[in-house]
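This report considers selected side-chain interactions in a single structure. The sequence and the model are displayed first.

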Amino acid sequence: MANSYLTRTVSSAGNRKTFTLSAWVKRSKMSYDYAYMITAGQYNSDQMGQFKFDASDNLNFSGYASNGSKEFRLHTNRVFRDPNAWYHVMVAVDTTQSTAADRVKMYVNGEQETSFAEATYPSQNYDTAFNSAVDSLVGLRKNTSTYFEGSMSHVSIVDGAALAPTVFGQTDSTSGIWKFKAPSSVTWGTNGVHLKFENSANLGLDSSGQTNNYTVNGNLKQSIDTPTTAYTTLNPLTHDSGGAKTYSNQNTTVSETADSWTTAHTGMMVTKGKWYFESKITYSNNQEAYVGACSQRTINERITNSHYLGQTTGSVGYYTNGGTYYKGAGAVSYGNSVSGGDIVGCALDLDNNFIYFSINGTWQNSGDPTSGSSGTNGISLPSGMTSAGLKEISFSVSPNQSTHQCNFGNGLFGTTPISSAGSNGNGALFEYDVPSGYYAMNTKNLNTYG
């Protein structure tokens, strides 16, 4: 959400003792304090409550009196650092319970959290800030500028009931993974809210039936990346250590300001199938960048050293300055140079072990990604990406005083929508036509083709 949040002024108090907060969230910035999901009130002014991730990537639910003194706080020992995962986070609160530990129950992906670095429970019959007549915010705490970094879906506040997580999710019978379920038969209560974010023209629309609509602030964008179909992003935890990388736009954009090669990789990896993504490249100085793919082993080996794609036999990269490629040896001429603002497409065929590159929709070297085993004018993958035990492959980019705005199928370069969607996206949104048989790297496609 970056610079965006939603707010509503609660006009009349509901049930401040018994309620449920639930949200599906995808984090993009780790080790970041004040990653607020749902808050109520203003610290050291109103009574205040907050549900957030903190600087250690723990989950935190806490409340404070109007003078700023802490009234309760639950802080998990477990950390949550997967930038490609949608987490279902939830607290069920009922301060009328006689047993302290029953007054707040915290759940992640359907499992109750029971190990806490701190567990200070509210006193019995305590009236929290939630559902009181103060400002209710999503993605920010009032009077701060520390916005939630990432995506949210199906944010819910239930006024008057401490619900079970099975109201909002369920375990998939095949994979055993906790997955989204549309809440039904819920009595939402006076200040109940269900923000689906389905209406792009009104992202603050309340679907609970209580008409508790929120006001959108900032440049909030709707995304097709949802708990049902999660798209890959770059993973800031797996990049190598060189340079001064900056990640933004839910980890779809990476910049390198120094003259120091560095590489960033997608969180999702594939072992088979055919995959496609696009990167819009801009330069701040030298017109140098790489686009390509990398093996998991190379990522592990190189995480403490700067490297560019194609420097080893475990990766292959198209070099934008000169139109050459590397894969563990010297430069091989292949296509054209890439100017600032050009879009490089990458088609990875792991069934036949070839990779292809396009510039603004034109496949370089007259390559044909649909040619199958013949690999017409494609680049054969190096041994470090195809040998037994090495075939766990990510899409990767190497900026050098440049910026990659990657589109993994969500239809955006940074915050700018694609000009017009090409064909064969299969639900994903790319600028140019996707070669037949190739797919965006998302959970639905990995389950079917990966």
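Predicted model: local features only at pLDDT ≥ 70, side-chain atom pairs only at ≥ 80, totals over all residues.

## Salt bridges

Side chains of opposite charge can pair when their charged atoms come close. The whole structure contains 10 salt bridges. One of them joins Lys 17 to Asp 127, with the closest N and O atoms 3.0 Å apart. Lys 17 lies in the loop between strand 1 (5-9) and strand 2 (18-27), and Asp 127 lies in the loop between strand 10 (116-120) and strand 11 (135-138), so this pair ties together parts that are 110 residues apart in sequence. Lys 17 is partly exposed, at 24% relative accessibility, and Asp 127 is partly exposed at 30%.

Strand 6 contributes to two further bridges. Glu 118 and Lys 70 meet at 2.5 Å, N to O; Glu 118 belongs to strand 10 and Lys 70 to strand 6, so parts 48 residues apart in sequence are tied together. With a relative accessible area of 18%, Glu 118 is buried, whereas Lys 70 is partly exposed at 41%. Glu 113 and Arg 78 form a salt bridge of 2.4 Å, N to O. Here Glu 113 lies in the loop between strand 9 (111-112) and strand 10, and Arg 78 lies in strand 6, so the pair ties together parts that are 35 residues apart in sequence. Glu 113 is buried, with a relative accessible area of 8%, while Arg 78 is partly exposed at 41%.

## Aromatic pairs

A total of 28 aromatic pairs is found in the whole structure. The ring centres of Phe 61 and Phe 72 are 5.2 Å apart and their planes meet at 45 degrees, so this pair is tilted. Phe 61 is in strand 5 (residues 58-64) and Phe 72 in strand 6, 11 residues apart. Both residues, Phe 61 and Phe 72, are buried. Ring pairs also place Phe 61 and Phe 72 in a cluster with Phe 19, Phe 51, Tyr 126 and Phe 130.

Tyr 318 and Tyr 334 form an edge-to-face pair, 6.2 Å centre to centre with 75 degrees between the planes. Tyr 318 lies in strand 21 (residues 315-319) and Tyr 334 in the loop between strand 23 (332-333) and strand 24 (343-349), so the pair ties together parts that are 16 residues apart in sequence. Tyr 318 is buried at 0% relative accessibility, and Tyr 334 is buried at 6%. A charged group also meets a ring: Arg 27 lies over the face of Phe 53, 4.4 Å from the ring centre.

His 88, in strand 7 (residues 87-94), is buried with a relative accessible area of 1%. The side chain of His 88 makes a polar contact of 3.2 Å with the side chain of Trp 178. Thr 253, in strand 18 (residues 253-256), is buried at 3% relative accessibility. The side chains of Thr 253 and Asn 249 are joined by a polar contact of 3.0 Å.

Glu 71 lies in strand 6 (residues 70-79) and is partly exposed, at 32% relative accessibility. Leaving aside neighbours within four places in sequence, the residues in contact with Glu 71 include Tyr 64, Thr 120 and Tyr 126.

Terms used
Residues numbered from 1 in each chain as written. Heavy atoms only, no water. Helix = DSSP H or I, 4+ residues; strand = E, 2+ residues; numbered from the N terminus. Buried < 20%, exposed > 50% of the residue type's maximum accessible area, 1.4 Å probe, protein only. Contact = heavy atoms within 4.5 Å. Phe/Tyr/Trp six-rings, centres within 6.5 Å; stacked < 30°, edge-to-face > 60°. Lys NZ or Arg CZ within 6 Å of the ring centre and 35° of its normal. Polar contact = N/O pair within 3.5 Å; in protein donor to acceptor, adjacent residues only side chain to side chain. Salt bridge = Lys/Arg side-chain N within 4 Å of Asp/Glu carboxyl O.
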